[in-house]
Amino acid sequence: MEEKNVYQPYLMRIAAAIQETPDVKTFRLEFINEEDRKNFNFRAGQFGEYSVFGEGESTFCIASSPTREGYIECTFRKMGRVTKALASREVGDTLGFRGPYGNTFPIDQWKGKSLLFVTGGIALPPLRCVIWNALDTRENFKDITIVYGARSVQDLVYKHELEEWEKRGDVKLITTVDPGGETPEWKGQVGFVPTVLEKAAPSSADTIALLCGPPIMIKLTMPILTKLGFSAENIFTTLENRMKCGIGKCGRCNVGKYFVCKDGPVFTFAQVNQLPPEY
Amino acid sequence: MQDKIIQKARELLSGGDVKVVIGYGRGTGDRVHAVFVQKPEDAGALVMDARCLQNLAVYLPKQEVKALGKPAIVARPPVMRAIRQLMYEEQFREGDIVVIGVSDDGQVLDFPDLKSMIEYIDKLPLTLSPEEAAAVAKLDAMTREERWKFWMEETSACIKCYACRASCPMCYCPRCTVECNQPQWISVPAHEMGNLEWHIMRAMHLAGRCVNCGDCYRNCPLKIPLNLLTQRIIADIGDNFGQESEYVLAAFKPEDKEDFIR
Amino acid sequence: MTEKKTIKKSSLDGLFRALKSGGKRVLAPVEGNGRTIFREVDSYNGVAAGYIQTTLSAKDALLPRCEEMLRFRTEQSTVTMEQGPAAPAPTVVFGMRPCDAKSLAVLNAVYLKDYNDELYRARADATTVIAISCTSCDEYCFCTSVGGSPGDTTGSDILLTEIDGDAYLAEILTGKGEALVAMAPDLFAAAGGAKTKPLADVKVQFDLKELEKKLPGSFEGPVWITQSLRCIGCGTCSYVCPACTCFDVQDETDANRGMRLRCWDSCGLGIFTLHTSGHNPRDVQSQRWRQRIMHKFSYQPDQLSVVGCVGCGRCSRACPVDMNILQHIKDIVEAR
């Protein structure tokens, strides 16, 4: 029996595109083959390999929620060869997608708990998947708090959704921009994420924290979370490393005995603290 | 000769200015390999004999070697030429390196500064040995088709391990052309075309810069005679621009040939 | 279980021809231009003999240095997938050393675990290995230190061992091996009491268990910097290694048609882990050298239950700067 080539991507059509910031874009991708759409499912935290045929593949999380069926969304910054090519693609164009790969956030185990999301810049997409998953099953959780910061107002992604979350009565959203990044109309906070988080001082009681951001933000936020009473076991993050295959074969996302692609990308900080610093 | 090198290294390390002596030491089996002597009492590990061929200048830009502090380097003429070229390319300045010279006839040379090393090596123009010239001539005597076949057969053995690049003191770019992918100038895969593109590109980047140390060939696991490419270029430069010692890519003269501009 | 037969060296040419006319591609070591490499041959004439080890392993047959993964065609904004790579040709690899044959277990562990790599599996399925036991070794060989031996049968379909009278004892180890014998049954004779020549005396040089125990605690040790100061950061060790499996993926196009290619890659190269942002988790050579040793002797035994090194010694022989893996391992084991 001939088996499927694991490196063969699904063909996807760009169904919608949003320019989030000058260099960050979101695509909604729909399966071209109906069979693929029907058989596809994923869980929050997983990622995929997105192809621009002729340029290569690039790794990002699935930024949409598994509760929204029939499509996936990805958000990426124009950086290298593939993401530059991706950014030039338009609605209707064909892309490739392999996945879903990696482990997931254990959302099912968080029933009845509160969730605290702490994130910055382009690190919101992996958490956005969890946020929508939680909001779409709102009855399963107590308080939901989101602390999100960016360098400037312009650099905030999902601006339309931030407005939507702001308006909802069942989410506490705190947005902030770095000093100097505000505009005259800016109504959010001004200051760095760790400082804003410390001031907001959300309760750690029966709460899971999800922390994603640039290394410096993580470094400065961890002590605050600890001060607020979060244990490393209750703080989750997603790691990134350079990847090619996504399935534990190409060898480059190796961190100690783990592959970020196969054993991650979701880790608790209790696990991260045990890893060699090769991410 | 070896004793003199050891003595010199000991003095330099005792003096305090030099923090590491890059030289050759006993390797495994009957090999020698590069050693990085940091204490005067360890200088006895230095070796100098006919096996000491690696061009040690390759270590001068290496991050972890730089971290050790100011180096002194055991240098035969190809190493001295490499240092001179790296200075032309402003990778080093006077005072950055101390050279423990070793002449072709085995004399240990005392260079108070890099300027005196350059004066010494300037007097030894880079020419091909009779054997090297004969190998180049043999290739030249081939028909175009024979030569193509020869190079296709040789380069098709290439596995793109980049030992040629890594062992070359002139290949110090932090990001090599083959790693620049916007656009992808050189095909990465080790297929026929990718290999050919890579070796032609590398040879051209070494035009006027190659010091003919032979490490690209010696270190190739498949023993592809890559130095024939650069040796041919050295011969061409000699024929077209004379054997002068200056940096041929940066020296312009009114009588330079322009017949390649059409 | 294993069936034992004999075959005369003078019958090997007949065997090669029978395999060839039976539709097999035969790869065997050929010496020339300073290298001994596996090449497709039509007959036994010209096949190298007496080599301790080939310059490159036969990995190319199972994991080619450059391999087509898929094909596509682009028309304006739409993409269609084209017929993928052709099924690999049925292949016989003749003359592997037992260490190389043993390395197939590492390739299998990486490529067939969790996600089944069909490209690899197809090649592995299409390949039959005729290995030859070692009657000589050199200072770089250390198969016995990593669980192998000069006559190890792991990974071989047929293992040939020299016997008196210019012949080989052929141990037919698998169904694939039997199928090969069936292609030229007349060339094989009953083994009788054939006595094999003494195999190479490869001394055990370090305690593998001791090394595996020691490595996790030595991550932060100074040994990696000391050992790798002379490393120039090429990929030679990985590329000549029969058990190195890491790869890169590259797209190449010609007008509106294109291919995705898998290419060998090496953890010794700085770009291997370089993020697009410029951040590099393994920024200096000592970290890359540590990864090489850790991956083979700690992570792989832990995760895949195989040691990622078969002791063939190629990396040490080929290293431009004498990064002798055996010496380095011994130093790590002995370090306090």
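In the predicted model, strand β7 of chain A, spanning residues 114-120, pairs in the parallel sense with strand β8 of chain A, spanning residues 144-150, over six bridges. Within this pairing, A:V118 stands opposite A:V147 of β8(A). Both strands belong to an open sheet of seven strands in chain A, in which the order is β10-β9-β8-β7-β11-β12-β15 and the pairing is mixed. The edges of this sheet are formed by β10 (189-190) and β15 (266-268) of chain A, each of which pairs on one side only.

Two helices of chain A pack on this sheet. Helix α3 of chain A (residues 124-136) touches β7, β8, β11 (207-212) and β12 (235-238) of chain A, and the direction of the helix makes about 155° with that of β7(A). Helix α6 of chain A (residues 215-227) likewise packs on the sheet, where β7, β11 and β12 of chain A are touched, and its direction makes about 165° with that of β11(A).

Chain C also contains an open sheet, here built from eight strands in the order β3-β2-β6-β7-β8-β9-β1-β10, again with mixed pairing. Strands β3 (35-40) and β10 (188-190) of chain C stand at the edges with a single partner strand each, so that one side of each is left without a neighbour in the sheet. From one strand to the next, the twist of this sheet averages 30°. Inside the sheet, β2 of chain C (residues 25-32) and β6 of chain C (residues 91-96) pair in the parallel sense over three bridges, and C:R25 has C:T91 of β6(C) as its bridge partner. Helix α3(C) lies across β6, β7 (127-132) and β8 (158-163) of chain C and runs at about 145° to β7(C).

Between the two chains, 40 residues of chain C are in contact with 33 residues of chain A. On the side of chain C that touches chain A, the elements giving two or more residues are the strands β4 (66-75), β5 (78-82) and β11 (247-254) together with the helices α3 (98-112), α4 (118-125) and α9 (285-304), all of chain C. Of these, β11(C) gives the most to this side, with six residues. By residue class, the side of chain C that touches chain A divides into 18 nonpolar, 15 polar and seven charged residues.

As regards confidence, the predictor gives the complex an ipTM of 0.94 and a pTM of 0.95. For chain C the mean pLDDT is 95, and 99% of the residues of this chain reach 70 or more.

Technical notes. Residues numbered from 1 in each chain as written. Chains lettered and ligands numbered in written order. Predicted model: local features only at pLDDT ≥ 70, side-chain atom pairs only at ≥ 80, totals over all residues. Pairing = 2+ DSSP bridges. Helix = DSSP H or I, 4+ residues; strand = E, 2+ residues; numbered from the N terminus. Contact = placed C-beta atoms within 7 Å. Axes fitted to C-alpha atoms, helices over the stretch in contact; angles between N-to-C directions. pLDDT = per-residue confidence, 0-100. Nonpolar A, V, L, I, M, F, W, Y, C, P; charged D, E, K, R; others polar.
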